[in-house]
Amino acid sequence: MISHDEWRAALDERFGRDLRTRMEAARVAVCGLGGLGSNISIALARSGIGTLHLIDFDRVDISNLNRQQYEIAQLGMEKTVALRETLTRIAPFCIVETETMRIREQDIPTLFEHDGIVCEAFDKPEAKAMLVQGVREHYPQTPIVSGSGMAGIGSANSIRTRRVSKNFYLCGDATSDVASGAGLAAPRVLACAAHEALTVMRLIAGEAEA
Amino acid sequence: MAVINGQPEQVEGMTITSYLVEKGYDPARVAVEIGGEILPKIAYSRTVMNAEDSVEIVAFVGGG
């Protein structure tokens, strides 16, 4: 086991002390721990995020394994529990707070009170719209980073980050719908998750533009 | 002319609800911002667009 100071020193070497300190002070909510959310969480934990607030109602299923950061041995586990276990192995100094619940509209006004940034990482378009709507309405000062459009195996070059308004960032190609039957492939979902995680990091660094 | 998703459009006097219906958007899958502020869903039917408005309609698609 390494010490917290050794972990910090390794991150300082990568990003510099200023960004490392900002990352450590940050608390980010990740809503949905599927292909987007599990990958966003791991990318942020590796980057030294201080606190992750992870929310999902679901359990690990065999159909998740093609793109989500779970393992065969974790089948049937709650995703919050499985991902916490994995994050503890990767980044033991990251504080992981979990809530195993399906987010409803009425939960939003209190759920994100302590989060500096919210990541939308749901699967269903109605849930995405509900969360973005609620966070924009109830926390206008809190940036929300959302993902939409990552199905299929089209070029990853069409996946981008767009700043819709001051505190609303949209990652993805905006059009590739899983309902088209195109499926979800790890490389393209990861590209979108990487956009979301990087946007979070850039916001923490104070680089507000998309 | 109002600007919707970056494109000037002749929509003055039209409500958000009628615009969404006309363009085939599913209101349950969109977020609408006017002038950089989110528009509550309950306001869609009574919000009339005018010439100075800059409107963003984000239509979410599935997958994650």
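This briefing describes the sheet, the nonpolar core and a helix pair of one structure. The model is predicted. Chain A contains an open sheet of seven strands with mixed pairing, and helix α7 of chain A packs on that sheet. The largest nonpolar core has 74 residues.

**The sheet**

- The strand order in chain A is β3-β2-β1-β4-β5-β7-β6.
- Strands β3 (95-99) and β6 (160-165) of chain A are the edge strands, each pairing on one side only.
- On average, neighbouring strands of this sheet are turned by 20° against each other, direction ignored.
- Strands of a sheet pair through backbone hydrogen bonds, either parallel or antiparallel.
- In chain A, strands β5 (residues 144-147) and β7 (residues 168-172) run parallel and are joined by four bridges; A:Ile144 stands opposite A:Phe168 in β7(A).

- Helix α7 (residues 186-205) of chain A touches β1, β4, β5, β6 and β7 of chain A, and its direction makes about 150° with that of β7(A).
- Residues with the most contacts inside the largest core include A:Val28, A:Cys119 and A:Val200.
- To this core α7(A) gives the most, with nine residues.
- Apart from neighbours within four places in sequence, A:Val200 is in contact with A:Val28, A:Leu44, A:Ile117, A:Cys119 and A:Val145.

**The pair of helices α3 and α4**

- The axes of α3 (residues 35-46) and α4 (residues 79-90) of chain A come within 10 Å and cross at roughly 25°.
- Angles under 35 degrees count as roughly parallel, and α3(A) and α4(A) are therefore roughly parallel to each other.
- The crossing of α3(A) and α4(A) is right-handed.
- Where they meet, α3(A) contributes A:Ser38, A:Ser41, A:Ile42, A:Ala45 and A:Arg46, while α4(A) contributes A:Leu83, A:Leu87 and A:Ile90.

Terms used:
Residues numbered from 1 in each chain as written. Chains lettered and ligands numbered in written order. Predicted model: local features only at pLDDT ≥ 70, side-chain atom pairs only at ≥ 80, totals over all residues. Pairing = 2+ DSSP bridges. Helix = DSSP H or I, 4+ residues; strand = E, 2+ residues; numbered from the N terminus. Axes fitted to C-alpha atoms, helices over the stretch in contact; angles between N-to-C directions. Contact = placed C-beta atoms within 7 Å. Core = buried A, V, L, I, M, F, W, Y, C linked by C-beta atoms within 7 Å. Buried ≥ 20, exposed ≤ 12 C-beta atoms within 10 Å, placed from the backbone. Parallel < 35°, antiparallel > 145°, perpendicular 65-115°, else oblique. Left-handed = near helix turned anticlockwise from the far one by under 90°.
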